Amino acid sequence: MVKFLVTILICMIPASAFSLSLTGETVWQGEKTIREQVRVEAGATLRIQPDSRIVFDGVGLEVAGRLVVRDAVLTGDQWTGITLKGVGIDTMVVGGEISGARTGLTVGGGSPRIEGVTFRNNRIGLELRQKSDATVSGSLFRDNLRVGLFLKDGSTAGVVDNRFERNGKFGVYIYRSTPRRFVGNIFNDNPTGLMISHFGSDPELVENCLTGNEVAVLVDKAARPTLRRNDIRDNKVGLKIHRRSDAVVEQNRVSSNDIGVSIAFSSYPVLHGNDLSGNKAAVYLEHQSRQWEEQLGSATRELEAGKSVFGSQPRQSVSESERKPHQLDGSIDATDNWWGETALDELTRKGADGNLSFIDDGRDRPVFEDGDGSWPLDKVRYAPWRTSPIDWLKE
Amino acid sequence: MTKAFCQAGLLLLAIFLLTGCAASGRPQQPPNLLGQSMLDGKPHAGVTISAWPVEASRLGNMAPFRSAPSDDKGRFGLVLPEGRYYLFADGDGVFAYYGRNPVAVSVSENRDISIGLVRTAGERPEGEPFLNSGVMANLSADGTPLAGATLYAYLDLTSELKGMGYVMVGPSDDGGLVEAELPAGTYYLLARKRLSGQGVGPLRSGDFVGYYPGNPVRIESGKVSRIHLPLLEVPEKVDSLQASLFGGTTLQGVIVNAAGIPVSGARAVLYRDAQMLNRPLAVSQPTAVDGEFIISIPDGGTYFLAGRNTIGGAPGPGELFGTYDGTPDHSLKVERGGSLKGLEIIVEEMW
């Protein structure tokens, strides 16, 4: 106890430097500038008290023990950020702000709790890696230069009720990860709100709200997420499904976007039970052809890998047999959706295989050019369709 | 000067007598591979150095080239045809797998190396394994369990016992224990511990490496082999000898970002093929704030050069990557023993 009090007293004195290694119990309180890299050793605890303001002068904080931060500001100019290494559920960062870092908070493994934190003006706000099972809730990710929240390397984090605004490239980037829960998040004014990329990214994304983004949701490179009951409105593109990505899109509201769902490069999502009304183009196909996929798909992907991928492939890398579409009939399954009142008239007039004004597919552009050949563009299979708006309370 | 010259001459003569004459009874050329065997930082006598050509299909049993035992200053010498070799050392209760294997040896210039030895004695794992077939290994360094290390199992020598291998398991627990599920077969087992926490990439000073002295190991179906695998810390000089460590041909340059500002923490990676898909031929140490890199390789030829800030697998989003763009196909040519300077690699974030 005496040792603990002494530690507090020492830390309350304004200081310009800390020892490199913290053991035992340490408390930081008040305004401080840290000029040396600090490490909290395994078994040790660092507490940063409410209303503290810690400025890191180009260095960072590494935690192998336990960190408890409440309502504190952790900031600096291009500082390294905080790294949590395999910490337990008793490590928590609650409230306050982390700003100005290359990566505000990096979580390598472990299961810390991050609640109500503002991540602002970092290159990357929060990065979860090495199968981290962290829980991130109620936090704000704003004006981070690249990414607000980055999940990678098999992270199984829970991501609930956060807000992502004005981040430089992506609000959230899910890379080879499947978060255990991804619910109730709000995305606004990002170039890409939510990116789900690469084989092995199969999250279920539920009841998120994405408005005012350039692209609300981008699914890329053989990712296979499921989107249910999300509200995707007033974006330039609601859903962009690219490069062999077979998303399941059910019971979402994808409306009032310039393009509701853009599908390209041999992607075969399933769109069922959605409200696709009010988009300038509800579904738009591009470079999407059963014939092209059958004849050139595998070879092109191999070539693309050669151009863009260097170094030996990880052993768990996706095989072509896993990446190939299982069923190819030249159509996209978009049956049982509500297309809007105006669209309903047109559907009734033109029937099950008409060229609809709100679907841009092989009926509008029969072929596209690629290499030396031209290839038939796939069509959207939209019948049967719903004849009344979706009652979300009953769905 | 004269005194130093005489000392060097006497040393060469001693090694010549120690190795060449002892082996065949007839005069031979002076050794072109010289060195010193060290244990706990001190010279160790009575150690025999073995060399296997890199073209060998398998290691084990009697090596085609063996030195006479090292003298009381730990010195040894070996006459080797030009080529690349796996070097081993063994003595009474000690063993070494030279950490920078395979080593390029020239007939025109002597190579002087230091081989760090480990003690082979150690406890094998006890207790019930959590696997049906494979290996349980106790990993140790300086006689104490080594936690956080990774065990690698290689099927053969095609990767020169580098990279991820057939199986890569870890980290070892606080007792140094690690288990690998392996089907019946023959394996080469190595262990490494990188302070960076990465599973692949060149070793740096302070990392650990170990080769199981009983390699290759035969795993029987449904059985678990229990082994002790000692590791040795990589010495500091690996960082300072990049210009000559792997051969007399060097490539030097700088890694910069799109604005021309030097990038720290990046590595130059060299490949034999334009696709740059397979394991690199050579990887530099990470750049410092000046962005400068140097790679040494044994042979001249046409190579393909890139830069990146991570090792292993494809560059992920947000990671730095770029190719040498001095030629349209990113290739460069260098003569054997030559030096290319002023190479520039521009890296950018991959998104």
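I count a residue as buried at under 20% relative accessible area, as exposed over 50%, and as partly exposed in between, using a 1.4 Å probe and protein chains only.

**Entry 1, ground rules.** I am working on a predicted model, in which local features need pLDDT of at least 70 and side-chain atom pairs count only at pLDDT 80 or more, while totals for chains, interfaces and linings use all residues. Residues are numbered from 1 along each chain as its sequence is written, chains are lettered from A and ligands numbered from 1 in the order in which they are written, and side-chain values use heavy atoms, with hydrogens and water left out.

I then took the secondary structure, with helices (H or I, at least four residues) and strands (E, at least two) as DSSP runs numbered from the N terminus. Chain A has four helices and 41 strands. Its accessible surface (Shrake-Rupley method, 1.4 Å probe) is about 16,300 Å², and carbon and sulfur atoms account for 49% of that. For contacts (heavy atoms within 4.5 Å), I noted that 34% of those between residues at least 6 apart in sequence join residues at least 24 apart.

The bounds come from an automatic or database domain assignment. I have domain 1 as 1-141 and domain 2 as 191-308 + 328-395. Taken over C-alpha atoms, the centres of domain 1 and domain 2 of chain A are 42 Å apart.

I found A:Ser245 in the loop between strands E31 (237-241) and E32 (248-250) of chain A. A:Ser245 counts as buried because its relative accessibility is 0%. Neighbours within four places in sequence left aside, its contacts include A:Asp220, A:Lys221, A:Tyr268 and A:Pro269.

I recorded one helix and 28 strands in chain B. Of its 351 residues, 48% are buried. Chain B exposes about 16,200 Å², 53% of it from carbon and sulfur atoms. Among its contacts between residues at least 6 apart in sequence, 68% join residues at least 24 apart.

I call two strands paired if DSSP finds at least two bridges between them. One open sheet of chain B has three strands in the order E23-E20-E27, with mixed pairing. Strands E23 (292-297) and E27 (339-346) of chain B are at the edges with a single partner strand each, so one side of each has no neighbour in the sheet. Strand E20 (residues 249-256) of chain B pairs with E23(B) in the antiparallel sense over six bridges. I checked B:Gly253 and found its bridge partner in E23(B) to be B:Phe293.
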